[in-house]
Amino acid sequence: MKTPDKASRLNLLAIEGAFAVAAAARALELSGREVIHLELGQPDFPTPSHATSAGVTALQADDAKYTAPAGLPELRQALVQYARGRGIPAELDNIVVTSAAKPMLQYALLAAVNPGDEVLIPTTGFPIYPSAVRLAGGIEKHYSIHLTPDGWRLDWDAIERQLSPRTRAIVLNSPHNPTGWTATREDVERIGRIATQHNLWVISDEIYSGLAYDYADGQSPSAAAVPGLLDRTIIIDGFSKRWSMTGWRLGFGIVPKALFTDLVALVINNTSCAPPFIQRGGLAAASGSQDVVHRLRKSLHERRDRFVAGLNAVPGIRCAMPSGAFYAFADIRELLKTSGLDTITFQSRLLQEFGVAGCPGTDFGPSGEGFIRFSFATAAPKLDRAIALLNAAAKQFAT
Ligand code: PMP
């Protein structure tokens, strides 16, 4: 029997390849094979125990009814303090709580972009940016985060080249997934000057902001901390990374006051509110001891140094030091040349034959060809084992 056609907008959606790699890895494990998981972007640290207790206590007290769409006032107040700690002059009506960072990203684009407007996004980059831009009716324009002899750099000329009278917004992601590039204070100020001059919204994905290794406090500079920029900056942030709470699906925006009511309307249209017991867990994480975050950052810093050194000793692999987040975006072009493999085949054979799961760079755009992303947010012995297996794979593929 004939059924209705699917909506054409479904063709606009990208997916995150990491989930497909994770599924393939799980299938291998079910067949009895051992896999080292370096594909998904999630720390192996547990949820902070005070956050778990607060969530469980709230659930037992049946704190499980609809609540304020913008988020619990106590949580929003804690996030005001968090923002101020990062130098952002936020007040209560700059904070919107959402069910994870991803919906906040979509809301930001729906709020900022009209059909036909152009939006600058980083490439290589998080695949959900082009998806979210297209779903909002926008047109994606790319600027690169590219590899130089001094490491990953933003291509400022590309931004200048791509600007047009139709440009409405620029998406910034610092620290950056997948390269680990982290904007300096001068960088965010420069973005601010461009945005002000061309009257753009800045959509700044700062989900990895607590994990910047070049800063003593681990905090990367925020776009909204640049004087005057909060009024045109929508920060995407959440509990997944620095608080190790990926499955809680709790996020937030630090947003211009002028967009607050509209963004809350988008929450009302989608989820009504984030679950209150989940928000209680988030409140405990954000307002309680930050020792866990400090320990996570210290551990990630050590793992980064160890893993990247290991990668650079594998024949045919080079890896620039990521200055933030927890990904090594390894350059495997030399290895591909000697083995005659392409990126996807290399990634798939590395998983199937050696049990190491990573994401092909092409998941982050065509310029990711020749790269593979490994998360180093896992225990050092597993990272060491992955390096040993990579050495074995490099040897086998090259012959
Ligand atoms: N932005 C970036 C750059 C990410 O890497 C991720 C998670 N992979 C997200 C946003 C989504 O975070 P959340 O789990 O809060 O939806």
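Start by selecting P175, in the loop between β6 (167-173) and α7 (185-197). Helices here are DSSP runs of H or I with at least four residues, strands are runs of E with at least two, and both are numbered from the N terminus. This is a predicted model, in which local features need pLDDT of at least 70, side-chain atom pairs count only at pLDDT 80 or more, and totals for chains, interfaces and linings use all residues. Residues are numbered from 1 along each chain as its sequence is written, and side-chain values use heavy atoms, with hydrogens and water left out.

**The β6–α7 loop.** Show the backbone from S174 to P175. That peptide bond is cis, with omega near -15 degrees. Now move to P178, also placed in the loop between β6 and α7. The bond from N177 to P178 is cis, with omega near 15 degrees. Most peptide bonds are trans, and most residues other than glycine have a negative phi.

**D62.** Select D62 next, in the loop between α2 and α3 (73-85). Its phi is near 60 degrees, a positive value in a residue other than glycine.

**T57.** Step to T57, in helix α2 (residues 49-60). The T57 side chain reaches the backbone oxygen of S53 at 2.7 Å. T57 and R280 are 223 residues apart in sequence, yet 8.9 Å apart in space, C-alpha to C-alpha.

**The ligand.** Which residues come nearest to the ligand? Of the 14 around it, they are A101, D205, Y208, S240 and R249. A residue counts as near if one of its heavy atoms lies within 4 Å of the molecule. Now look at polar atoms. A polar contact is a pair of N or O atoms within 3.5 Å; within protein, one must be able to donate a hydrogen and the other to accept it, and residues adjacent in sequence count only if both atoms are side-chain atoms.

- D205: a polar side-chain atom lies 2.6 Å from a ligand nitrogen.
- R249: an N or O atom of the side chain is 2.8 Å from a ligand oxygen.
- K102: a polar backbone atom is 3.2 Å from a ligand oxygen.

The rule asks for a side-chain nitrogen of Lys or Arg within 4 Å of a carboxyl oxygen of Asp or Glu. Side chains of opposite charge can pair when their charged atoms come close. The whole structure has 19 salt bridges. K102 sits in helix α4 (residues 101-112) and E16 in the segment before α1 (17-30), so this pair ties together parts that are 86 residues apart in sequence.

**The two domains.** Colour domain 1 (8-46 + 292-397) and domain 2 (51-287) separately. These bounds come from an automatic or database domain assignment. Their centres, taken over C-alpha atoms, are 25 Å apart.

How much area is buried between domain 1 and domain 2? About 2900 Å², with carbon and sulfur atoms giving 60%. Buried area is the accessible area (1.4 Å probe) that two parts lose on being put together, summed over both. Select R297, S323 and F364. They supply 20% of the area domain 1 buries against domain 2, more than any other three residues.

**Across the interface.** Between the domains, the rule finds 1 salt bridge and 18 residue pairs in polar contact, both residues at pLDDT 80 or more.
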